[in-house]
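Here is a protein model to walk through together. Keep the viewer open and follow along as the elements come up.

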Amino acid sequence: MKIPKRIQPLVDDGLVDEVICQLMSGKEATVYMVRTGEEIICAKVYKEANKRSFKKAAQYQEGRKSRNSRRARAMEKGSKFGRAQQEKAWQNAEVDALYLLADAGVRVPQPYGCYDGVLLMELITDDNGEVAPRLNDVVMSKEQAIEDHEEVMIYVLRMLCAGVVHGDLSEFNVLVDDYGPVIIDLPQAVDAAANNNAKAMLIRDVDNMTNYYGQFAPELLGSKYAQEMWALYEKSELTPESELTGYFAETSGNADVNSVMDEIKAAFEEEEARLERIKEANELD
């Protein structure tokens with residue numbers, strides 16, 4: 001196929017030898033299958049900020065620090081240089097998260113590097129070499145759903161232990177190969193300790209996954225893994241070896257009206273995002 005403009009510099013530099021096909025196009029990036037030497041990998045081309053439809057990016061960037069004080073000031077002021085640095089930080093966040101989570105024992109694609117807004121990384125395939133499907137395209141037995149849900153909960157736990165919340169985890173951001181789920185799409189990953197939205201995002205991530213697997217195993221519905229994890233995390237008692245039960249007793253007390261309204265608002269936003277993801281998936285079929 002014709003080489004996309006953003007990938008051409010990588011071809012010129014010998015990092016990519018051939019662009020085979022486009023795999024998918026989402027709200028934040030377009031992913032291509034490319035060849036480098038004898039290996040087939042992915043090239044994720046991030047869309048420019050003014051072309052991304054990812055909503056409320058500021059919520060995800062809260063707590064991200066720049067080690068360079070000049071860059072940090074520029075990012076805060078929103079200057080042209082600052083916007084460029086903010087965009088670079090958005091792209092590098094996924095690379096950093098992939099390395100961090102792989103070390104933490106989470107199944108993610110292996111990154112090979114990010115070059116001018118193009119992330120080169122492992123292509124997840126099945127044993128026959130076919131591109132692994134997204135979870136939303138997979139139908140499974142009750143037993144398989146319970147097993148895979150448990151595995152994803154372990155990954156979410158390990159991510160939180162590493163100080164990371166995915167922030168956009170759903171059946172559209174998980175691939176399934178012959179060995180189970182693989183977590184993808186992490187440019188919006190947030191710092192659990194520094195982002196005020198981290199708890200709400202964690203709950204939304206876990207609810208998304210539980211609701212999907214719950215289609216096949218209804219007994220998973222109603223579990224409270226996110227609340228259980230967060231309670232342990234806040235007390236500094238969460239470890240990669242923590243054994244979760246899925247049960248969590250909410251503390252009783254007077255209702256916080258603002259919190260309730262925030263939850264209702266978040267639910268509406270999540271439903272809107274879910275419908276958008278379904279629309280994108282249907283456009284690719």
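We will go through the sheet, then the cysteines, then a pair of helices.

A word on the ground rules: this is a predicted model, in which local features need pLDDT of at least 70, side-chain atom pairs count only at pLDDT 80 or more, and totals for chains, interfaces and linings use all residues. Residues are numbered from 1 along each chain as its sequence is written, and side-chain values use heavy atoms, with hydrogens and water left out.

Start with the sheet. Helices (H or I, at least four residues) and strands (E, at least two) are DSSP runs, numbered from the N terminus, and two strands pair if DSSP finds at least two bridges between them. Here five strands make an open sheet with antiparallel pairing, in the order β1-β2-β3-β5-β4. At its edges lie β1 (18–25) and β4 (111–115), each pairing on one side only. On average, neighbouring strands are turned by 25° against each other, direction ignored.

Now look at β5. On one side, β5 (residues 118–122) pairs with β3 (residues 39–46) over five antiparallel bridges, and there Cys42 stands opposite Met121. β5 also pairs with β4, over four antiparallel bridges, with Tyr115 opposite Val118. β4 and β5 form a hairpin with two residues between them, and Asp116 in the turn has a positive phi of about 50°.

How many disulfides does the model have? A disulfide is counted when a pair of cysteine sulfur atoms lies within 2.5 Å, and the count comes to zero. For Cys42, the closest cysteine sulfur is in Cys21, 9.3 Å away, so the two are too far apart for a bond. Cys42 is buried (under 20% relative accessible area, with exposed over 50% and partly exposed in between, using a 1.4 Å probe and protein chains only), because its value is 7%. Cys161, at 29%, is partly exposed.

Cys161 also ends helix α5 (residues 142–161), whose 20 residues should span 28 Å at 1.5 Å a residue; the expected span is 1.5 Å times one less than the number of residues. The end C-alpha atoms are 29 Å apart, which agrees. Just after α5, Gly163 takes a positive phi of about 85°.

Finally, the axes of α5 and α6 (residues 198–214) come within 10 Å and cross at roughly 170°. Axes are lines fitted to C-alpha atoms over the stretch in contact, with angles from 0 to 180 degrees between N-to-C directions. That makes the two helices roughly antiparallel, the term for angles over 145 degrees. The contact (heavy atoms within 4.5 Å) includes Val152 and Val156 of α5 and Leu202 and Val206 of α6. Val152 and Val156 are also among the buried residues of α5.

Key. Parallel < 35°, antiparallel > 145°, perpendicular 65-115°, else oblique.
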